[in-house]
There are 2 protein chains.
Amino acid sequence: MKIIIAQLNFTVGDINGNLNKILNAYEPVKDQDALLVCTELALTGYYPQDLLLRDDFLNRQQEALTTLVNATRNNACSIVVGYAAKNTSNKGKPLFNALAVLKNGSKIFEYHKQLLPTYNVFDELRHFEPDNNTALFNLDGVKFAFLICEDVWFEDSDYTYENDPLKEVEGKELDCVISINASPSNLGKLEQRRKIGKRVTERTNAAFIYANQIGGNDELVFDGSSFVMNRDGKVIEQAPAFDDSIVEIDFDNIHEAKELVDNKLGAYRKEAFLFNQTVLGIRDYVRKCGFNKVVIGSSGGIDSAVTLAICAEAVGSENVTAITMPSVYSSKGSVDDSVELCENLGIRLLTAPIADEFALAVKQFEQVMGDMPSRLTQENMQARIRGRMLMEFSNQYGALVISTGNKSEMSVGYATLYGDMNGGVNPLGDLYKMEVYAIAKWLNESKGKEIIPLNIIEKEPSAELSEGQQDSDSLPDYPLLDAILKLYIEGDLLTEIEREQSEAVLKKYRATNDLITQIHSMVDRAEFKRRQAPPIIRVQKRSFGMGRWLPVAAKYR
Amino acid sequence: MKIIIAQLNFTVGDINGNLNKILNAYEPVKDQDALLVCTELALTGYYPQDLLLRDDFLNRQQEALTTLVNATRNNACSIVVGYAAKNTSNKGKPLFNALAVLKNGSKIFEYHKQLLPTYNVFDELRHFEPDNNTALFNLDGVKFAFLICEDVWFEDSDYTYENDPLKEVEGKELDCVISINASPSNLGKLEQRRKIGKRVTERTNAAFIYANQIGGNDELVFDGSSFVMNRDGKVIEQAPAFDDSIVEIDFDNIHEAKELVDNKLGAYRKEAFLFNQTVLGIRDYVRKCGFNKVVIGSSGGIDSAVTLAICAEAVGSENVTAITMPSVYSSKGSVDDSVELCENLGIRLLTAPIADEFALAVKQFEQVMGDMPSRLTQENMQARIRGRMLMEFSNQYGALVISTGNKSEMSVGYATLYGDMNGGVNPLGDLYKMEVYAIAKWLNESKGKEIIPLNIIEKEPSAELSEGQQDSDSLPDYPLLDAILKLYIEGDLLTEIEREQSEAVLKKYRATNDLITQIHSMVDRAEFKRRQAPPIIRVQKRSFGMGRWLPVAAKYR
């Protein structure tokens, strides 16, 4: 038997499109003695959220499943597919997160996920009922256990479940454990999966097949990186990260397969990982929202520079427009840097000075209010005039605005709501400032030339909204700020090493408790801004958005 | 024994403040042979969201609980209080949604909620483990069952639970079932609670005490409306809606108590309910965010008029500023109507014409793009210049901007992101357009004078962003639009009567399937705007925001 992993990019809600992707993967292999393995909730896309409450949506999915069942009729190749199955018991949530084996026109096995993650970005108990059912199924003489994602994370979940689905399948002389997944990618996830895979093989003495989808769906990016371990826990097959892939395994000879030397995981060097994941997240967000062009405000600073580089890679530089919008406070260098950057990236740059509009806005404010606008008011005015211009371009030419705020800024509220926060999606919102710098340097290194002008990397960070303004006027040095933020926002999820690294930075800078408390308080007070921020492409263990749910009208410091 | 319901307004996260409210309620009654009943998660406020993941937060709550336990020492009065209790079993979520009885310096009973709502606005399984434990407890010779909120909703929840907590307490010759709640208010909720109360008394043959908190916490408004039923299911005591209250019941003589004639529920006439709930929601949002002043763009239309009336009631007209920002497309009547409205409400009105800024923005666009801005671009330009001006006022004077988009507009995306959608909170976002009109008429009626100028109620609705523009150019008549929207957004949650009413409107207007599909599609496509909208005060069964979770970069029509 062959086992064929279909590592595909599904769109949430696009049931027909998803079905067609599966059928296209099935067509060339349908005559083979094989099992085509599709991923979790493949037909609906992951995660369908409250679409799962709609009967019409579920009915359409049922039709797609029927089509898929019928496609296997008179063909040698079977299919494993994830979908939402009706819970007909009249107890509990109305659906199961299910998996079916389809063979020769019939559904011959059905399994329901036992562990339903409901933490961080997951909310599966909102829609699904956990089930106690057997994962064991023999197909064509091969003894399989079929599990779904979280089922094998019993020991590694954020949550301590009552039951361990692997218990049932231990000591059963299995040939293979297949886990179908929609496992969102973040820093450290690959290592966790490897560890889990190894444990599965140890506990079951069977081969382990880990099939994961790829693609961006709103905040979440799925990296794929499907893999196969032999029963000794050695990786013998590895799909690429961040790309569609069809992986074929000769299962009859799996024990003879050699451990992979080239594991295709270059994409996981930290800066490469952050860049690649963000690129895929932006590409899919833009595309799945029905856009093909984007527009970005180019300030000459590091954030907009890296955003432009990400977008050029994601949608092609010919589809990116940059607009530089200098004010009286912009340095000459800033515009020049934007010009050089856009030349390097092959991006069209428009120049739209805001001095006249800003002056008129100030005058208008004085006339109406009988008062000079304060420094804060004036700073926000400029950001909002720029934000409006970007939206004008978007309205007129159908380009999606991409916002540029990094995680450090979004944390402490160092951004203007309805100004530079404008956009359909934010690529840097889960990248700390020092990581943005690191990506810029890595980009230049890996391309072997200066893509991001050195001047942009080296100049003092400034919002240039007031005379001589620098970020360091109101914020601590970024390495320190980032360490404080990482501990505050993700502390409980970090590995010991990660925590120690951040704590070492605090020590090095002799961070006082007062400073730390002050930064925490800035993070808390900025919750109202983040509530109205565009979706952020998630790369860390805890990102702003669906994975971090906090009240606004509250008092908790 | 007396039973005393403390219907109080807690702030999420403000553990010390909440504790003090309880201690203040306890102080005057501490010497009485009584039981003071506080509500669900009283110490943390409902709902604390991911604050429940923080050890420091839980520790502070534990200290507050200890203080409360100690406060009962050497006093006759016991306390029932809701809080988050540690799950020490190492299985399942780390917390229980708990209730404790505190008496004379000890915690003498602890109960853990069995049914944890995880649907619509609820996500309790994210943090809490459901428990199987007894609700039965005898206190000073009175046989009680203590339950928490959803526990008594077994038959009325959106979700079919496995177990029914009332089963344990049936046939036990109980004296009293006490349910402590944090039950968010929406249309129809009161009737549901009454039905449930009646069923509890029928099944247990005991009195039923329903204690609910009041106040707004982000989107959710809690109405209070605590009540007491005798064992015949007659309401013998009723706390007011939308207000703090201490309700005392002479439990020894409860069977002699007469059914209430004046049930204090005038607040539940539909328009009054919508108005009162929104007023409380806005008042608490503004206050709990640390503001006391608000600012609102006054267009002369019905939405801003009703918003201004709500805000005047919520924070006092002296704390409300209206700004009228006429453009070349604004009718003379619009400004006059704003003037009259603000006079009626005693609100300061500023006038900030946008014609000059708009003209300059158009000129600037032409210069940069070499192109005339389209009608859509120009419309949004105006809305965004206005939105910026409101934010300038906010930045300069510390007033919270209140946005004015109603549910009909927010549904179909008839609003400008970063323009008229600007604001910290939106009072009308869960009110369909026809309900906004109904509130306006009811306000004039109930005050016995013209608060909302008749001209505002009677004129053709228009955004006045283009020459001669009217809402009816792009939208069907509002009664029809509202009916289509209500069925689409809330259909599965409506009562049969509500559904029939909406369907009758579709019939009356001979709504075609094409029109219905087109409106549905507008709703789906506007998801990206709602994702960045301010929190909306919830009044209906399903509101935009936390109760309706849908993807943006998706394809589901």
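**Entry 1. Domains of chain A**

I began with the separation of the two domains of chain A: the centres of domain 1 and domain 2, taken over C-alpha atoms, are 40 Å apart. I note that the model is predicted. Domain 1 of chain A covers 2–253, and domain 2 covers 272–472. I then looked up their contact, to which domain 1 of chain A and domain 2 of chain A each bring eight residues. On the domain 1 side, strand S10 (214–217) and strand S11 (220–223) of chain A are the elements that give two or more residues. I recorded the classes on that side of domain 1 of chain A as three nonpolar, four polar and one charged.

**Entry 2. The six-stranded sheet**

I traced an open sheet of six strands in chain A, ordered S6-S7-S8-S9-S12-S13, with mixed pairing. Strand S6 (136–139) and strand S13 (235–238) of chain A have a single partner strand each, so one side of each has no neighbour in the sheet. Ignoring direction, I find neighbouring strands of this sheet turned by 20° against each other on average.

Within the sheet I examined strand S8 (residues 176–181) and strand S9 (residues 207–212) of chain A, which run parallel and are joined by six bridges. I located A:Ala211 in S9(A) as the bridge partner of A:Ile180. Helix H4 (residues 189–204) of chain A packs on this sheet and touches S8, S9 and strand S12 (227–229) of chain A. The direction of H4 makes about 145° with that of S9(A).

**Entry 3. The four-stranded sheet**

I next followed an open sheet of four strands in chain A, in the order S17-S16-S15-S18 and with parallel pairing. Strand S15 (residues 294–297) and strand S16 (residues 320–324) of chain A pair in the parallel sense over four bridges. I note A:Thr321 in S16(A) as the bridge partner of A:Val295.

Helix H6 (residues 302–315) of chain A lies across S15 and S16 and runs at about 170° to S15(A). Helix H7 (residues 332–345) of chain A lies across S16 and S17 and runs at about 170° to S16(A).

**Entry 4. A helix pair**

I looked up helix H5 (residues 270–288) and helix H11 (residues 433–447) of chain A, whose axes come within 9 Å and cross at roughly 100°. H5(A) is therefore roughly perpendicular to H11(A). H5(A) makes the contact with A:Glu271, A:Ala272, A:Leu274 and A:Phe275, and H11(A) with A:Glu435, A:Ala438, A:Ile439, A:Trp442 and A:Leu443. By class I record seven nonpolar, no polar and two charged residues.

**Entry 5. The two chains**

I finally turned to the relation of the copies. Chain B superposes on chain A by a rotation of 180° with 0.0 Å of shift along its axis, at an RMSD of 0.0 Å. This is the relation of a two-fold axis. I find B:Gln532 to be the residue of chain B closest to the rotation axis, with its C-alpha at 2.1 Å.

At the interface, 70 residues of chain B are in contact with 70 residues of chain A. Helix H5 (270–288), helix H8 (355–369), helix H9 (375–397) and helix H16 (527–531) of chain B each supply at least two residues of the side touching chain A. H9(B) gives the most, with eleven residues. I divide this side of chain B into 31 nonpolar, 19 polar and 20 charged residues. The copies meet through the same surface, because 100% of the interface residues of chain B are also interface residues in chain A.

Notes: Residues numbered from 1 in each chain as written. Chains lettered and ligands numbered in written order. Predicted model: local features only at pLDDT ≥ 70, side-chain atom pairs only at ≥ 80, totals over all residues. Least-squares fit on C-alpha atoms with pLDDT ≥ 70 in both. Contact = placed C-beta atoms within 7 Å. Nonpolar A, V, L, I, M, F, W, Y, C, P; charged D, E, K, R; others polar. Axes fitted to C-alpha atoms, helices over the stretch in contact; angles between N-to-C directions. Parallel < 35°, antiparallel > 145°, perpendicular 65-115°, else oblique. Domains from an automatic or database assignment. Pairing = 2+ DSSP bridges.
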